[in-house]
Amino acid sequence: PYTCTDNSQVTAKQSINKQQAMLSATLPKIGWSQQPIILNGGVQGATASYVNQSNPEVIYAWHMTDDEGILAMKWATGREYQVNCKVGR
């Protein structure tokens, strides 16, 4: 699991072919508790990037490299939220 800013926590698992990431996100600032998110993407070099655009109200993005990750959200209203994460901090 990743420990993140804003007392958040994210658990991330990649599919075997690394084309999908399955997240479980606890983000107290926006009222999430173990919210599941499935994102599509892949790995390029040392960075894995995944995006979920299936909800017209919000886009989710997860980027990870080594022991760090970033979970970012952007709503249709223009509002944005992001947490920076590290493995087991």
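This is a predicted model: local features need pLDDT of at least 70, side-chain atom pairs count only at pLDDT 80 or more; totals for chains, interfaces and linings use all residues.
# Legends to the close-up views

Residues are numbered from 1 along each chain as its sequence is written, and side-chain values use heavy atoms, with hydrogens and water left out. Strands (E, at least two residues) are DSSP runs numbered from the N terminus, and two of them are said to pair if DSSP finds at least two bridges between them. By that rule E6 and E7 pair in the antiparallel sense over 8 bridges. The hairpin has 2 residues between its strands, and aspartate 66 in the turn has a positive phi of about 50 degrees.

**The closed barrel, formed by 8 strands in the order E1-E2-E3-E4-E5-E6-E7-E8 with antiparallel pairing.** From one strand to the next the twist averages 30 degrees, where axes are lines fitted to C-alpha atoms and angles run from 0 to 180 degrees between N-to-C directions. Strands of a sheet pair through backbone hydrogen bonds, either parallel or antiparallel. E3 and E4 pair in the antiparallel sense over 6 bridges, with isoleucine 37 in E4 as the bridge partner of leucine 23.

A nonpolar core is a set of buried Ala, Val, Leu, Ile, Met, Phe, Trp, Tyr and Cys residues joined through side-chain atoms within 4.5 Å; buried means under 20% relative accessible area, exposed over 50%, and partly exposed in between (1.4 Å probe, protein chains only). Leaving aside neighbours within four places in sequence, leucine 71 is in contact (heavy atoms within 4.5 Å) with Val10, Leu23, Ala25, Leu27, Ala61, Trp62, Tyr81, Gln82 and Val83.

**Asparagine 52 in strand E5, which spans residues 47-52.** With a relative accessibility of 14%, asparagine 52 counts as buried. Its side chain is joined to that of serine 54 by a polar contact of 2.7 Å; a polar contact is a pair of N or O atoms within 3.5 Å, of which, within protein, one must be able to donate a hydrogen and the other to accept it, and residues adjacent in sequence count only if both atoms are side-chain atoms. When residues up to four places away in sequence are not counted, asparagine 52 touches Ile37, Ile38, Leu39, Val58, Ile59 and Tyr60. E5 and E6 pair in the antiparallel sense over 6 bridges, valine 51 has alanine 61 in E6 as its bridge partner, and a hairpin of 5 residues joins E5 to E6.

**The disulfide of cysteine 4 and cysteine 85, with sulfur atoms 2.1 Å apart.** A disulfide is a pair of cysteine sulfur atoms within 2.5 Å, and by this rule the count comes to 1. Cysteine 4 lies in strand E1 and cysteine 85 in strand E8, so the pair ties together parts that are 81 residues apart in sequence. The link is right-handed, with 105 degrees about the S-S bond, and both cysteine 4 and cysteine 85 are buried.

**Serine 8 in strand E2, and aspartate 6 in the loop between E1 and E2.** Serine 8 counts as buried at 3% relative accessibility, and a polar atom of its side chain lies 3.2 Å from the backbone oxygen of threonine 5. Apart from residues up to four places away in sequence, serine 8 touches Tyr2, Thr3, Thr26, Leu27, Pro28, Tyr81 and Val83. Aspartate 6 is partly exposed at 34% relative accessibility, and its phi, near 65 degrees, is a positive value in a residue other than glycine.

**The loop between E2 and E3, which holds isoleucine 16 and lysine 18.** Isoleucine 16 is exposed, with a relative accessible area of 87%, whereas lysine 18, at 37% relative accessibility, counts as partly exposed. Most residues other than glycine have a negative phi; that of lysine 18 is positive, near 60 degrees. The C-alpha atom of isoleucine 16 is separated by 19 Å from that of alanine 61, which lies 45 residues away along the chain.

Terms used
Helices (H or I, at least four residues) and strands (E, at least two) are DSSP runs, numbered from the N terminus.
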